[in-house]
Amino acid sequence: MNILVTGSAGFICGYVVEDLLNQGHHVVGIDNYSKYGKVEKSYDKHPRYTFVEGDVKNVGLMKELIADCDTVLAAAAMIGGISYFHEFAYDLLAENERIMAATFDSAIWAFKNKKLKRINVLSSSMVYESVDEFPTKEGAERKNPPPLSTYGFQKLACEYYCQGAWEQFKLPYTIMRPFNCVGTGEKRALCDKEIYSGNIQLAMSHVVPDLVQKILRGQDPLHILGSGAQVRHYTYAGDLARGIRMCIESEKAINQDFNLSTPVSTSVVELSEVIWKKLKPGVPFRFTSDEPFKYDVQKRVPSVTKAKEVLGFEANTDLNTILDEVVPWIQKQIEIGGI
């Protein structure tokens, strides 16, 4: 397939594009480098990869890029860690709405006038921000109160774009909801501001890079946001990329939504202790709690049954294996000032 990937220079798409190319697809990527600045990818010179530096909100450019594509992965968005949700509450709503509207406008045009067959939307587990049923099945986002954060609310709005484009124009869609993606390439965003966590000042971004930095910089006891009892599903980015690619390829995924996640629950304290033992073997693990952010979801446990039954997708990379790859990368990034 010829596939347009928006936000192709981002963290998750770094894995997705590589996976798509490895499976023989042709990929056109577009990114304006707004998050990390210019980055190099291993596949930049791949013969089946074309990259265009540009703004997804430019509908004219998007029409040029999407004209020969069979499908599009709508992944471009302002996105960051938990501090990002609070620092850019308005931009996460307004800018991401503009990005999504331009993407859908282009996709609807290509569906009506060219050969585009489907739009694939990268949503988020944050659409389940207010649910109280676990494990959370697809569809719970419509039965429970809407997300409280602007980021979660806008991600849910992206899913309504799918509904609207289907009801009005019959544009087929697939919705994918990654859970707590962990991998290499998750660098500090250009707009991240440094804040204090205990005696350490850092750009609070995502939990794994933050914990590694604090431990390496000698923090003891380790400062954790909130009680540390928050439950997450830390999913390897390579597994998520495979799940996203399987959604794009499968006819069974048309007009469906999928949770893409490891089935394994891990609390923040459990994660912290695993990282601590890797970096400070033999040193007793101690932690203390900082006041949490306002939108700090306490429990996020997905049902992964639908993705397994419909697509045959499972995320099986265990946390230790993930950290053995990611922690050394973070250490290197700290040394070169990349994070």
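# Close-up views of cavities, helices and loops

**Figure 1. The largest cavity holds about 40 Å³ of space.** This is a predicted model, in which local features need pLDDT of at least 70 and side-chain atom pairs count only at pLDDT 80 or more, whereas totals for chains, interfaces and linings use all residues. Residues are numbered from 1 along each chain as its sequence is written, and side-chain values use heavy atoms, with hydrogens and water left out. A search of the whole structure gives 3 cavities of 30 Å³ or more. (On a 1 Å grid over the protein atoms alone, a cavity is a set of points where a 1.4 Å probe fits but cannot get out; a pocket is an open set with protein on both sides within 12 Å along at least five of seven lines; lining residues have an atom within 4 Å of a point. Points are joined across faces, edges and corners, and a volume is the space filled by probe spheres set on them.) The lining of the largest cavity consists of Y128, E129, V131, F134, T136, F179, V297, K299, R300 and V301. By class, these lining residues are 6 nonpolar, 1 polar and 3 charged. (Ala, Val, Leu, Ile, Met, Phe, Trp, Tyr, Cys and Pro count as nonpolar, Asp, Glu, Lys and Arg as charged, and the others, Gly among them, as polar.)

**Figure 2. The second largest pocket contains about 310 Å³ of space.** It is lined by 16 residues, of which G14, E40, K41, T184 and G185 are the closest to its centre. Helix α1 (residues 11–22) contributes the most to this lining, with 4 residues. (Helices, H or I of at least four residues, and strands, E of at least two, are DSSP runs numbered from the N terminus.) The lining of the second largest pocket comprises 7 nonpolar, 5 polar and 4 charged residues.

**Figure 3. Helix α2 (residues 59–66) has buried residues at L61, M62, L65 and I66.** Viewed down the axis of α2, its buried residues fall within an arc of 125°, so they line one face of the helix. (Buried means under 20% relative accessible area, exposed over 50%, and partly exposed in between, with a 1.4 Å probe and protein chains only; the arc is that of the directions from the helix axis to the C-beta atoms.) The cover over the buried residues of α2 includes β1 (2–6), β2 (26–31), β3 (49–53), β4 (71–74) and α4 (89–113). At the start of α2, a side-chain oxygen of N58 comes to within 3.2 Å of the backbone nitrogen of G60. (A polar contact is a pair of N or O atoms within 3.5 Å; within protein, one must be able to donate a hydrogen and the other to accept it, and residues adjacent in sequence count only if both atoms are side-chain atoms.)

**Figure 4. Helix α6 (residues 150–169) includes E167, and Q154 is also found in α6.** E167 is exposed, at 54% relative accessible area, whereas Q154 is buried at 1%. Apart from its neighbours within four places in sequence, Q154 touches L92, L93, N96, E97 and M100.

**Figure 5. The peptide bond from F134 to P135 is cis, with omega near -5°.** P135 occupies the loop between β5 (118–122) and α5 (140–143). P135 is partly exposed, with a relative accessible area of 47%. Its contacts, leaving aside neighbours within four places in sequence, are V301, P302 and S303. A cis peptide bond also runs from D220 to P221, with omega near 10°; P221 lies in the loop between α7 (207–216) and β10 (222–225).

**Figure 6. Y33 has a positive phi, near 60°, in a residue other than glycine.** Y33 belongs to the loop between β2 and β3 and is buried, with a relative accessible area of 15%. N255, not a glycine, has a positive phi of about 60°; the loop that holds N255 runs between α8 (237–249) and β13 (256–260).

**Figure 7. Q298 is placed in the loop between β15 (287–290) and α10 (305–311).** Q298 is partly exposed, with a relative accessible area of 45%. A polar atom of the Q298 side chain lies 2.8 Å from the backbone oxygen of D296. Beyond neighbours within four places in sequence, Q298 is in contact with A229, Q230, V231 and R232. The C-alpha atoms of Q298 and G226, 72 residues apart along the chain, are separated by 9.3 Å.

Definitions and conventions:
Contact = heavy atoms within 4.5 Å.
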